[in-house]
Structures are given as C-alpha cells and as structure tokens.
Amino acid sequence: MLAPQRLPPLRLRGLRRLSSQSVTQDALIVRGPTVVVPPKHLVAPSDALDVAASIELARHKLEEPSAPSIIPGTPFRSTTTDKYAYAFDIDGVLLRGGRPIPEALEAIRMLNGQNSYGIKIQQLEIEVSPGQFICGHTPMREMAATYGTVLVVGGEGEKCRLVAEGYGFKDVVTPGDIIKDNPDTTPFRKLTGEEHNDSRLRDFSKVDIEAIFVFADSRDWAGDQQIILDLLMSENGRLGTRSKTFEDGPPVFFSHNDVVWSASHDLTRLGIGALRLSLEAMFKAITGKDVYTTAFGKPQIRTFQFATRLLQQWRKDTHGIDSPPDTVYFVGDTPKSDILGTNEFNKQSKNTWYSIVVRTGVYQEGTKPKFTPNATVDNVLGAVKHGMEREYKKSLKEAMKATESGLKEMVIIEESRPYSPSR
C-alpha cells in the first residue's frame with residue numbers, strides 16, 4: 001500500500017488582492033489571479049479569504065496557455081447554465097491541509113466550461129471571491145442583534161474577535177481578556193507578550209456575558225474549557241460567581257459539530273465537535289447535570305437554509321436571477337454531517353438537493369456510511385462529472401418528451417382537417 005503523497009506548502013505568490021472599496025473595472029480586466037476583498041476589518045480574520053486565494057490561483061494556473069484544450073486546435077465554446085449549481089464542503093473535498101486536492105483543479109476547469117457538454121456552471125464564471133464561501137461561523141452573524149456582551153472562542157490571536165465585530169456583535173470578549181484581568185483563571189496558561197498587548201483589560205466582576213460562541217478550533221483546550229465551564233456554572237454569566245442550580249449560565253453555540261476532520265495529516269484530526277463532547281462531559285462530571293449546547297454547521301437544517309438564502313441573493317446580485325437553481329449538488333466527505341444534512345434538507349426544500357460523498361476526506365473506501373448519499377465517487381472531479389452527466393441525461397429526456405408532445409399535436413391537427421380529394 002502506497003503512503004499518501006505529501007504536498008509542498010502552498011505559497012500564494014502572484015495573487016492580486018483588490019479592495020472592494022476602491023477597485024475599478026479596468027483593474028478587473030487585467031488577467032491573473034485576483035481576489036476582491038471587503039474592508040480589512042471584515043475579511044482579515046476569515047478563512048474564506050485564504051480558501052478563495054487558493055482556489056483562484058489554481059483556477060488561473062489551469063487557464064495558462066500551456067493548459068491543453070479538450071479538442072486540440074478547436075476554439076472552445078460554452079454556454080452558461082442556471083439550472084443547477086454545486087455546493088462544496090472545503091476540507092477533504094477541495095482542500096486538504098490548506099492545499100488544493102489535485103483533482104479539484106481539473107474540477108474547476110470543468111465548471112468553467114471545459115467539458116464535453118459545453119456547459120459552464122454559473123457560479124464560477126467570475127473571479128472567485130470570499131463571498132462565495134460560507135464558514136462554519138457565518139450564520140452566527142444573524143444573532144448579532146440578539147446578544148450584547150459575548151465570549152468568542154477559538155482561532156489564532158484576535159482573528160475571531162475581528163470576525164465577530166465585523167458580523168455586528170457590539171461587545172466581544174476573548175479568553176485572553178479574561179486571563180489578562182485575572183491570570184489565575186488558567187493556572188497552566190500564561191499570555192505571551194503579543195497576546196497580553198492585544199487583550200483588552202476590563203473588570204469582569206462587573207460584566208455579564210450573555211452568550212458564548214466557539215467560532216473556530218480552540219488552540220488551548222484546557223484554558224478555554226475552564227473559562228467556558230466557569231461561565232456555564234455562573235449566575236447570569238458573571239465570572240467569579242456560582243449558580244446554586246447550575247442552570248443560570250449563558251447559552252453556548254458551536255460553529256459546527258464535526259468530531260473529526262480531514263487535515264494535512266494522514267489520519268483525521270479532532271474537531272470542534274470533540275471539544276463540544278468534552279465540555280458537555282466535564283459539566284456533567286462536575287455538576288451531575290446535563291448542559292444543552294447548540295451547534296451550527298452541517299447537518300443542522302438552518303445552515304442549509306442560510307446557504308440557500310445566500311445563494312439566491314448572490315444569484316440575484318450577480319446575474320439578476322431571483323430564484324434558486326432547480327438542483328444543488330452538495331459534495332462532501334463526511335456522511336454524518338454533509339450527507340445527513342443534505343438528505344434531510346432535501347425533504348423540505350422547494351428545489352432538489354442531491355448528496356455526493358467523496359473518498360478524499362473523512363469517508364474511506366471499504367466502510368459503509370451511516371447515512372446513504374445519492375452517489376459515491378472517488379473525488380470532487382468525479383462528483384462534477386456525475387452531476388453534469390445526470391443533468392445531460394435529464395435534458396435529453398425533456399427534449400424527447402417535448403418532441404413526442406409536438407408530434408402528437410401535429411397528428412391531432414392533421415387528423416382534424418376535413419378530407420379533400422385533391423390532397
């Protein structure tokens with residue numbers, strides 16, 4: 001058995017980043033990998049920019065003159081379809097450890113029109129932008145008006161605080177702020193000089209934290225869980241207090257519920273779902289009670305509802321089409337979240353959501369998925385081909401029905417005419 005190939009680190013050289021506040025049409029015409037970004041305070045902390053940059057570089061690499069065409073010597077023509085769209089999970093489908101999966105590059109080429117059907121998928125006909133990516137915490141922005149002071153956990157440095165503030169949260173606290181106020185909060189974690197300078201000093205004995213949001217993977221499980229547990233067992237989110245019932249703490253929201261995920265390591269790594277399980281188990285061990293937390297992301301239906309709203313708004317703003325596509329092909333690597341969520345959402349959605357699982361991530365060949373996808377393929381390229389072939393067959397059937405209907409109508413009209421000997 002061959003060992004998995006280790007890809008070299010991705011270096012985003014030659015990428016142009018243009019500000020959405022000052023970009024001009026002339027600047028967009030210039031060829032080359034380009035990502036148009038929102039103001040820095042909104043996009044700097046977001047993983048979506050890095051993902052967009054990786055895919056954009058890969059797309060332009062495929063469009064270089066050295067890239068072979070489907071039919072040598074023949075100019076390539078394609079037409080854009082708005083009948084169907086693709087939605088992709090990122091880790092384990094398009095990227096692995098921040099680097100594009102090789103077959104993803106060819107899949108992008110096919111989506112951009114280089115396929116035997118001459119079809120370009122509408123959603124990728126423009127430059128790739130962070131707005132085309134939904135991070136696990138993106139739906140949390142709809143809760144910014146509900147809560148005042150919130151604790152945001154996870155990620156590196158101040159990134160998640162900046163994202164939360166960009167979403168509209170008015171008063172965002174980080175674990176670093178709490179440790180700066182009282183270093184004894186986490187006996188085994190001390191802030192670095194940079195963390196100490198970035199953290200905001202305040203008196204938390206006078207602050208009520210109304211909600212806890214785990215935006216990204218924790219970089220310090222012990223310290224972060226200690227702070228979250230302190231708040232869960234507090235009176236109304238006031239640090240330093242203890243509830244008599246252990247039922248007065250703030251609600252906790254997780255950006256997704258994947259226990260494991262596909263990273264650059266050969267084997268899957270622990271994810272936010274594992275942190276959630278650990279936190280719930282510790283709360284039970286300490287208090288003897290259950291704590292009920294909420295997870296966004298797949299397979300939660302509201303994540304798919306949010307994606308549908310975002311997709312429809314994107315189609316309206318970009319292409320003037322105020323309706324969802326007839327079919328959305330969702331490509332994922334985790335049956336428990338990607339496939340379960342897609343299948344359940346399809347039961348209530350007005351359009352069709354079709355689930356496809358790939359073998360480049362969490363799901364592996366030889367195992368039986370707990371939740372059955374509509375199709376199983378080797379990689380994202382196979383998923384794109386499967387969807388296109390399925391749509392092509394559907395269009396042939398529709399054309400045949402239209403032809404048969406037209407022929408029947410002609411026969412009826414012919415038979416209804418009066419007989420004439422001259423004919």
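The side chain of R359 makes a polar contact with the side chain of D378 at 2.5 Å. A polar contact is a pair of N or O atoms within 3.5 Å; within protein, one must be able to donate a hydrogen and the other to accept it, and residues adjacent in sequence count only if both atoms are side-chain atoms. This is a predicted model: local features need pLDDT of at least 70, side-chain atom pairs count only at pLDDT 80 or more, and totals for chains, interfaces and linings use all residues. Side-chain values use heavy atoms, without hydrogens and water, and residues are numbered from 1 along each chain as its sequence is written.

R359 sits in the loop between β16 (352-358) and β17 (375-377). R359 is partly exposed, at 24% relative accessible area (buried is under 20%, exposed over 50%, partly exposed in between; 1.4 Å probe, protein chains only). Not counting residues up to four places away in sequence, R359 touches Q364, E365, T376, V377 and D378 (contact: heavy atoms within 4.5 Å).

S234 lies in the loop between α8 and β11. S234 counts as buried because its relative accessibility is 0%.

Helix α8 covers residues 221-232. Of its 12 residues, 9 are buried, so α8 is largely enclosed by the rest of the structure. The buried residues of α8 pack against β8 (149-153), α6 (175-181), β10 (211-214), β11 (252-254) and α9 (272-287). Helices (H or I, at least four residues) and strands (E, at least two) are DSSP runs, numbered from the N terminus.

Definitions and conventions: The expected span of a helix is 1.5 Å times one less than its number of residues.
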